[in-house]
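Open the structure in your viewer and keep the sequence panel in view.

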Amino acid sequence: FCVLGIETSCDDTAAAVVRSDGTILAEHVVRQDEIHAAHGGVVPGLARDAHRAAIDRVIEWVLRRAFHVGESDDPMAVAAPHLAAVATTMGPGLEICLRVGFHAARQTVERLRALQPASSSRLPLFLSMHHLEAHCLVARRIPPHEPPFPFLVLLASGGHCMLLLARDLGQYSILGGTLDDSIGEAYDKTARLLGLEWGGGGGPALERLAREGNPHAFSFSVPLRQRRDCNFSFAGLKTAVRLAIEKCRRRAADIDEAQPLVQLNRQAAADIAASFQYVAVKHLEERLSLALQWCQAHEPNVRSVVVAGGVAANATVRERLRAVARQAGWTRRCPQPDGSMRDEESVLFPPPRLCTDNGVMVAWAGVERVRRCGDIVGEPDMEDIEVAARWPMGARVDMSGENGA
Ligand code: ATP
Ligand code: FE
């Protein structure tokens, strides 16, 4: 069977068709970078309008591509017999944006149902998906490397920074979250202060610039070192970076008094980017390391770690968190193509393009639900449901007294 996934929780209009074995039959994302770049962040009303303008075309495009629909054929009619479900992100996210995806999904399900022959026993389901669960589950898409439940997740995204225990589908415990900003926000704000281009947020441009810089040029302090728990904080680092930038600007202006608002030279900007990234990732390393220790003591069945969310697309993040897991001896037995078993590093990252918001993760989360529960997982009545701007992922684990705190 196949699932159509729809995602409109923030500023990406995305859809995909994924088959039950994980194969991506089609995917498409329309980004809104140019619309929001001038405003220095996502403007909800503009995002909603852009979703409205794009959503039908995005859905039609993936259906045509997935099912090889001819120019003159109706994509819904061709897709109807193959689609077991339409899965859409219902929260958390921007309410007015979520609603665009919800309405499009509901309409699609209604049209698909109307196209089913009366004899068909199986109607396409409507599935309400949790955006963060979709970020986490997409790492399980490709067998045989999919992490089995339970596994640890470090979710590092635009709106969140959390350590989670994924116990089962829909069952998550929170080991820690951020006390202020998310790590994605810290990347975005630093990128804006440095005047970098906007594209998929500020993260990608900051990552590129940091490659040219010295990560030890500035010594920002690593957040929350005195608290040995799994919480995060990025507000202090953000302020330290802002002060460093202002200081460099003043120094540059002293040298060239004719230009008091002089831009940082490229090397100074690169040094700040690299130093910021060094400390932000150090914070992730330390928190992940504590969570691994905690799992070893309290959750011995946890053998894999997933790093998910937009920031997991970053090559430095991937490399350094892999090293943390390796040093902690975090490996698991994996079946090999020749049938043998081998110990493999068990930190998993979705492919970079599937770390930031996309339709594949939503469709895949839908596949997992249908695979597990068959026909009984859909919403009984699409009229009675609403999107949820806030949607807690699970309960918090009490870690007080742990790790010598
Ligand atoms: P959430 O998933 O928490 O609701 P979101 O959907 O807005 O938030 P994502 O799409 O998961 O967030 O990720 C977007 C964030 O990832 C942005 O803050 C962006 O700057 C950051 N990001 C994307 N690519 C990179 C990268 N290569 N390096 C660092 N950060 C990155
Ligand atoms: Fe996201």
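Begin by selecting residues 12-19, which form strand β2; seven bridges join β2 to β3, and the two run antiparallel. Keep in mind throughout that this is a predicted model. Within this pair, pick V17 and look across to β3, where A26 stands opposite. Then move to the turn of the hairpin: four residues lie between β2 and β3, and G22 has a positive phi near 95° there.

**The five-stranded sheet**

Now widen the selection to the whole sheet around this hairpin. Which order do its strands follow? The order is β3-β2-β1-β4-β5, in an open sheet of five strands with mixed pairing. Colour β3 (24-31) and β5 (125-130) next: each has a single partner strand, so one side of each is left without a neighbour in the sheet. Neighbouring strands here are turned against each other by 15° on average, with direction ignored.

Next, show residues 95-115 as a helix. This is α4, which lies across β1, β4 and β5 and runs at about 165° to β4.

**Backbone stops**

- Select G91 and P92: the peptide bond between them is cis, with omega near -10°. P92 sits in the loop that leads from β4 to α4.
- Select F149 and P150: this peptide bond is also cis, and its omega is near -5°. P150 belongs to the loop between α5 and β6 (151-156).
- Select H68: its phi is positive, at about 50°, although the residue is not a glycine. H68 lies in the loop between α2 (44-66) and α3 (75-79).

**The six-stranded sheet**

Move on to the sheet that contains β6. Its six strands have the order β12-β9-β6-β7-β8-β13; the sheet is open and its pairing is mixed. Select 347-348 and 395-396 to see the edge strands, β12 and β13, each of which pairs on one side only.

V305 has V347 of β12 as its bridge partner.

**Ligand 1**

Finish at ligand 1 and show the residues around it. Which of them come nearest? Of the 24 residues in this shell, the nearest are S157, H160, D188, E207 and D357.

- S157: a side-chain N or O atom is 2.5 Å from a ligand oxygen.
- D188: a polar side-chain atom lies 2.6 Å from a ligand oxygen.
- H135: a polar side-chain atom is 3.1 Å from a ligand oxygen.

How much of the ligand does the protein bury? Ligand 1 exposes 640 Å² when taken alone, and the protein buries 90% of that.

Now colour the shell by residue class. It holds 15 polar, six nonpolar and three charged residues. Last, show the helices α5 (131-137), α6 (183-193) and α7 (203-210), each of which supplies at least two residues of the shell.

Technical notes. Residues are numbered from 1 along each chain as its sequence is written. Chains are lettered from A and ligands numbered from 1 in the order in which they are written. This is a predicted model: local features need pLDDT of at least 70, side-chain atom pairs count only at pLDDT 80 or more; totals for chains, interfaces and linings use all residues. Side-chain values use heavy atoms; hydrogens and water are left out. A residue is near a molecule or strand if one of its heavy atoms lies within 4 Å of it. A polar contact is a pair of N or O atoms within 3.5 Å; within protein, one must be able to donate a hydrogen and the other to accept it, and residues adjacent in sequence count only if both atoms are side-chain atoms. Accessible areas come from the Shrake-Rupley method with a 1.4 Å probe; for residues, only the protein chains shown count as cover. Ala, Val, Leu, Ile, Met, Phe, Trp, Tyr, Cys and Pro count as nonpolar, Asp, Glu, Lys and Arg as charged, and the others, Gly among them, as polar. Two strands pair if DSSP finds at least two bridges between them. Axes are lines fitted to C-alpha atoms, for helices over the stretch in contact, and angles run from 0 to 180 degrees between N-to-C directions. Contact means heavy atoms within 4.5 Å.
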